[in-house]
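Trainee: I have this one open in the viewer and would like to go through it with you. Could we begin with how the elements are named?

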Amino acid sequence: MTHIEIGAVLPSAMDELTDPGAPDPIRAARMVEERGLESLWVADLVLGDGTPALEPALTLAAAAAVTERVRLGFGVLSLPPRPAPWVASQVATLQHLSRERIELGVGIGGFPDSPWWRALGVSPRGRGRAADATLDLLPSLVTGAETPVGEEGTRLRLAPAAAMPPVWIGGGEAAFARVLRHGGGWFPSQLSPSDLAGAISRLGAAADERGLPAPPVTVGGHLVLGTDDRAERARALLVRELIEHHGISPEEAERAPMIARTPEELAALYTAYAEAGARRVVAGADAMGWEEQLDFVAEALSHMDRDPSSAG
């Protein structure tokens, strides 16, 4: 069977943290590892749309302290509001604390008019240039090389040096040039397997034109699991938000949710993403409690791991 890695999103928003039925992030990190998932990810909600939430680097540090194997990802870190040396210091520290388990998902920030961006005095203009400038600096800063930083050419060397983690660049197909420029992977979201397959083909063609290998792909999204009314309400709400807030066409929005009524259907959906060319799927469920959806995903993984020849 085609292999694909599966990641979970840790609860970090205030509405999740105040839900008496949801685990705290420490317990949630342990649960992700215990159930055999490949990675756990923390969203940058505070500098995303301004949702009150835990700060992602500190949350990953806590997760690193209570896990041994699972990969630890930013999903994704908004770069423009953060100075490059500070990002580098956090990433290098996390690499040491986790024994090099960090996955660095990054983006230009999809909500530059949120209260945090305004409070920090960060202009929504030039977000792409700011992200590129940071991505240019990170490899040398993280690995401890002396690096000129800023307009005055201040030379900076961070210590202790660390290995540069894999970089995953969020965004739609407009991010292809950034992915190829920085040698990272692509981290799109809300694409159906068929839409993703076409996009991956175009990304591979763009890489081939530049004499580069095809970048790896991690795809994010929202899971709609189960058959009850919660699932239908979650699907309808997600479709509406994609149309109204993300500018996705109604046809694309209807295809985007990752819908599965049973763990067997979810296993088949994961396989479809693998066949489309994805290395990993990172998604959270909108229609279930956090632990409930994690068990649903873990059962789906058990169906994927089963040897078909041993069935029956």
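Mentor: Helices and strands here are DSSP runs numbered from the N terminus, a helix having at least four residues and a strand at least two. Keep in mind as well that this is a predicted model.

Trainee: Fine, then where is Gln190 found?

Mentor: Gln190 sits in the loop between β8 (185-187) and α8 (193-209), and its phi is positive, about 60 degrees, although the residue is not a glycine.

Trainee: Is Gln190 buried or exposed?

Mentor: Gln190 counts as buried, because its relative accessibility of 9% is under the 20% cut-off.

Trainee: And what about Glu100, what is its phi near?

Mentor: Phi of Glu100 is near 60 degrees, again a positive value in a residue other than glycine; Glu100 belongs to the loop between α4 (84-98) and β4. With a relative accessible area of 46%, Glu100 is partly exposed. As background, most residues other than glycine have a negative phi, and most peptide bonds are trans.

Trainee: Speaking of peptide bonds, which one is cis with omega near -10 degrees?

Mentor: That is the bond from Gly75 to Val76, and Val76 lies in strand β3. The bond from Ala159 to Pro160 is cis too, with omega near 0 degrees, and Pro160 is in the loop between β6 (154-156) and β7 (167-170).

Trainee: How many bridges join β3 to β4?

Mentor: There are 5 bridges between β3 (residues 71-78) and β4, and the two strands run parallel, with Leu77 standing opposite Val106 in β4.

Trainee: How many of the residues of β4 are buried?

Mentor: In β4 (residues 102-107), 6 of its 6 residues are buried, so that both faces are covered, Ile102, Leu104 and Val106 being on one side and Glu103, Gly105 and Gly107 on the other.

Trainee: Switching to the core, which residues touch the most other members?

Mentor: In the largest nonpolar core, which has 76 residues, they are Trp186, Leu196, Leu266 and Tyr270. Apart from it there is another core of 5 residues, among them Leu238, Val239, Ile248 and Ala253. Leaving out residues up to four places away in sequence, Leu196 touches Trp186, Pro188, Leu191, Val217, Val219, Tyr273, Ala276 and Ala278.

Trainee: Last topic, what lines the largest cavity?

Mentor: The lining consists of Ile6, Gly7, Ala8, Leu37, Tyr270, Ala283, Gln293, Leu294 and Val297, with β1 (5-9) and α12 (290-305) as the elements that give two or more residues. The lining divides into 7 nonpolar residues, 2 polar and no charged, and the space inside is about 30 Å³.

Definitions and conventions
Residues are numbered from 1 along each chain as its sequence is written. This is a predicted model: local features need pLDDT of at least 70, side-chain atom pairs count only at pLDDT 80 or more; totals for chains, interfaces and linings use all residues. Side-chain values use heavy atoms; hydrogens and water are left out. On a 1 Å grid over the protein atoms alone, a cavity is a set of points where a 1.4 Å probe fits but cannot get out, and a pocket is an open set with protein on both sides within 12 Å along at least five of seven lines; lining residues have an atom within 4 Å of a point. Grid points are joined across faces, edges and corners, and a volume is the space filled by probe spheres set on the points. Ala, Val, Leu, Ile, Met, Phe, Trp, Tyr, Cys and Pro count as nonpolar, Asp, Glu, Lys and Arg as charged, and the others, Gly among them, as polar. A nonpolar core is a set of buried Ala, Val, Leu, Ile, Met, Phe, Trp, Tyr and Cys residues joined through side-chain atoms within 4.5 Å. Buried means under 20% relative accessible area, exposed over 50%, partly exposed in between (1.4 Å probe, protein chains only). Contact means heavy atoms within 4.5 Å. Two strands pair if DSSP finds at least two bridges between them.
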